Amino acid sequence: MNEDEIQLVARIRPDAAPYDPAAKAAARRGLAAASAGRTSVRSLWRRPWVALPAGALAVGVAATVLAGGTGPERGPVQEVVVALPRLAPMSAGEVLGRAARAAARTDLEPRDDQFVKVESETMYGAFAGDGKGAESRHLYRTRRVIWQSADGTREGSLRIEHLEPKAYPGWPIPESAYEEAGTVDLHRLPVCDPVPDHLRTDHAAVRRLPADAEGMRAHLYTGDRGGNSRDEAAWTRVGDLLRENYVPAAQRAALFEAAATIPGVDAVGDAEDAAGRKGIGVGRVGPDGVREDLVFHPETFELLGERGIVVDGKRAQSPAGSLVASTAQLSVTVVDEAPRVEEEATGCG
C-alpha cells in the first residue's frame with residue numbers, strides 16, 4: 001500500500017451510523033427466497049436479489065457473518081490473490097468523464113410493460129458460523145440472469161446457475177460450499193409495497209432522476225442510507241443503481257459525473273472483471289479494508305463489472321491483494337416477458 005492509499009484509508013474511518021429503517025426495508029425487497037430446506041446463507045456484497053431462507057434478513061454490507069453449517073476442508077486452499085492496485089494514468093474524474101460521454105451515445109428505451117434482462121457472472125464472499133466460534137469463508141460463484149419489470153408493477157424472474165466455489169484467500173473451502181455447485185435455481189421476483197423514491201431502482205423511477213451531475217449528486221446523498229459515512233453510502237448507491245439494472249443514457253452519464261465528486265474515489269490501472277476482461281478500476285476503500293471498484297473498458301469506457309480487492313489485510317482478515325468479490329455484466333436487453341415460475345414468491349419485508 002502506498003502513502004496515498006494509507007491516507008485514503010485513514011480518512012474514511014468515522015463511527016458507524018445506524019442503518020436507516022427505510023433503506024433496510026428496501027434491501028429486504030431486493031431478496032428472493034431460496035428453496036425449502038437450504039441450510040447455508042449467502043452474504044451480500046451490495047447486490048440485489050440474493051436467494052435467502054425464509055425469514056433471513058440481508059442488507060447491503062461488505063462482510064456479514066451468518067449462521068450455517070461448516071464442513072471439513074476439501075483439497076488445498078487455492079487463493080484468489082492479485083497485485084495491490086496501481087494508480088491509473090488517468091484520474092477518476094477523467095475515467096468517469098469518458099464513461100459519461102460513452103454512456104450518452106447509446107440507449108435502451110423499455111416500455112413500462114416490458115422487462116430489463118441482465119446476464120452476469122458473480123463472485124462474492126460467503127460467511128458461515130456455528131454459533132460456537134467456528135467460522136468458515138469461501139467465494140460463492142454464479143451465472144445469473146434476471147428479468148425485472150421496467151416499472152416495478154409485474155413479477156420478474158431470477159435464474160441462478162451455481163458454479164464451483166473458490167477459496168476465500170487465507171481460508172480453506174468448507175465441504176458445504178460444494179453442495180450447490182452445478183445446480184440451477186429459478187425464482188419468482190415479487191411485486192412489493194412501494195419504497196421511498198430515493199431508494200427505487202426500477203427503470204420507470206430511474207429515468208426520472210436528474211440528468212445533470214449536480215442534481216444526481218444530491219440524489220446520491222439523499223436520505224440516511226446507513227453505513228460508516230455519507231460518502232461511503234453515496235458510493236454504495238452508485239453501485240446499487242448500476243448493478244443488474246439499466247440506467248438511461250442521460251442519467252447514466254450524470255451518475256458517472258456525480259460519482260467522480262465523491263471524496264476518496266480514485267482510479268487504478270489494473271482491474272479485471274469476473275469474465276477476465278481487463279480494465280480500469282474506479283473506486284474507494286471501504287471501512288472493512290476492501291477497495292470496491294467499478295471496472296471500465298480501457299478504450300470504450302463501457303462498464304464491465306465490479307470487483308473487491310483487499311487493501312488493509314488486518315481489517316479484511318485476508319491478505320492484502322486478495323480478490324474477494326468480482327462481477328461481469330455480460331448483456332443488458334429489453335424483453336416482453338419474464339419466465340413463469342410456479343414457486344411461491346417471497347422476499348418482501
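This is a predicted model: local features need pLDDT of at least 70, side-chain atom pairs count only at pLDDT 80 or more; totals for chains, interfaces and linings use all residues.
Colleague: What makes H6 a helix of about the expected span?

Modeller: Helix H6 runs over residues 230-242, and its 13 residues reach 19 Å from the first C-alpha to the last, which is close to the 18 Å expected at 1.5 Å a residue.

Colleague: Why is H6 called largely enclosed by the rest of the structure?

Modeller: A residue counts as buried when its relative accessible area is under 20%, and 10 of the 13 residues of H6 are buried, so the helix is largely enclosed. Among them are Trp235, Arg237, Val238 and Leu242. H6 is followed by Glu244, whose phi is positive, near 50°.

Colleague: How do you know that the buried residues of H5 are on the same side of that helix?

Modeller: In H5, residues 213-220, the buried ones are Gly215, Met216, His219 and Leu220. They cover an arc of only 145° around the axis, and therefore they lie on the same side of H5. In general, an α-helix has 3.6 residues a turn, so residues three or four places apart point the same way. What covers the buried residues of H5 includes H6 and helix H7.

Colleague: Why are E8 and E9 said to pair?

Modeller: Pairing requires at least two bridges between the strands, and E8 (residues 266-272) and E9 (residues 278-285) have 5 bridges in the antiparallel sense, so the two strands meet the requirement. The bridge partner of Val268 in E9 is Gly281. The hairpin has 5 residues between the strands, and Gly276 takes a positive phi near 85° there.

Key. Residues are numbered from 1 along each chain as its sequence is written. Side-chain values use heavy atoms; hydrogens and water are left out. Helices (H or I, at least four residues) and strands (E, at least two) are DSSP runs, numbered from the N terminus. The expected span of a helix is 1.5 Å times one less than its number of residues. Buried means under 20% relative accessible area, exposed over 50%, partly exposed in between (1.4 Å probe, protein chains only). The arc is that of the directions from the helix axis to the C-beta atoms. Contact means heavy atoms within 4.5 Å.
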